[in-house]
Amino acid sequence: MNSYEQAEYFGIKNRLIKLSEECSELAQAATKYHEVIEFGNREQSGYIEHIIEEMADVYLLCSEVRHLLDIEMDDIVPIIQHKLERTNGIIKDWMKIEDCYSITEIEKFIKELKVGSTDEACAALDLLLNNIRRDSNER
């Protein structure tokens with residue numbers, strides 16, 4: 001049986017649950033590897049192999065779910081391109097921030113705002129970017 005035949009055998013409900021499980025396992029493997037990098041007290045190779053294995057599982061299940069839901073790559077590629085463009089915009093904004101402020105100044109600015117959530121952090125960064133744009137226009 002190929003992957004699509006297996007997907008049809010198990011059905012969409014099973015494949016969605018399995019995809020969720022495998023995504024969690026990949027996240028866990030990534031977190032463990034991050035800890036290895038952060039604290040540097042373990043051999044890295046086994047952790048990389050674990051990430052590769054979990055990536056393969058997620059890739060396979062994404063392909064099966066895409067097949068079962070009849071989703072074409074033409075439906076996915078424009079979204080991927082949009083996300084890449086959005087991230088490039090974020091990187092460019094961060095580069096502008098780094099040109100004007102040190103990381104310490106940025107951290108101090110955000111702490112002064114007493115940011116407590118991701119939405120508040122995004123709002124704080126938007127405010128900081130607007131200040132940078134204003135400051136650069138005044139020059």
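Tutor: The model discussed here is predicted.

Student: How does α2 run relative to α3, roughly parallel or roughly antiparallel?

Tutor: The axes of α2 and α3 cross at roughly 155°. An angle over 145 degrees counts as roughly antiparallel. Therefore α2 is, relative to α3, roughly antiparallel.

Student: How many residues of the contact of α2 with α3 are nonpolar?

Tutor: The contact of α2 with α3 includes one polar residue and eight charged ones. The nonpolar residues in this contact number 18.

Student: Is α1 roughly parallel or roughly perpendicular to α3?

Tutor: The axes of α1 and α3 also come within 9 Å, and they cross at roughly 65°. Angles from 65 to 115 degrees count as roughly perpendicular. So the arrangement of α1 and α3 is roughly perpendicular.

Student: Which helix supplies the largest share of the lining of the second largest pocket?

Tutor: The second largest pocket has a volume of about 160 Å³, and its lining consists of Y59, C62, S63, R66, M73 and I76. Helices α3 (45–68) and α4 (73–100) each supply at least two of the lining residues. The largest share, four residues, comes from α3.

Student: How many residues in the lining of the second largest pocket are nonpolar?

Tutor: Tyr, Cys, Met and Ile count as nonpolar, and the lining includes Y59, C62, M73 and I76. The lining also has one polar and one charged residue. The number of nonpolar residues is four.

Student: In which helix is confidence lowest?

Tutor: The mean pLDDT of the protein is 82, and 73% of its residues reach 70 or more. Confidence is highest in helix α1 (residues 3–10), at a mean of 96. Where pLDDT is low, the predicted coordinates should not be read in detail. With a mean of 64 over residues 103–112, the helix of lowest confidence is α5.

Technical notes:
Residues numbered from 1 in each chain as written. Predicted model: local features only at pLDDT ≥ 70, side-chain atom pairs only at ≥ 80, totals over all residues. Heavy atoms only, no water. 1 Å grid on protein atoms, 1.4 Å probe; cavity = no way out; pocket = protein on both sides within 12 Å on 5 of 7 lines; lining within 4 Å. Points joined across faces, edges and corners; volume = space filled by probe spheres on them. Axes fitted to C-alpha atoms, helices over the stretch in contact; angles between N-to-C directions. Parallel < 35°, antiparallel > 145°, perpendicular 65-115°, else oblique. pLDDT = per-residue confidence, 0-100.
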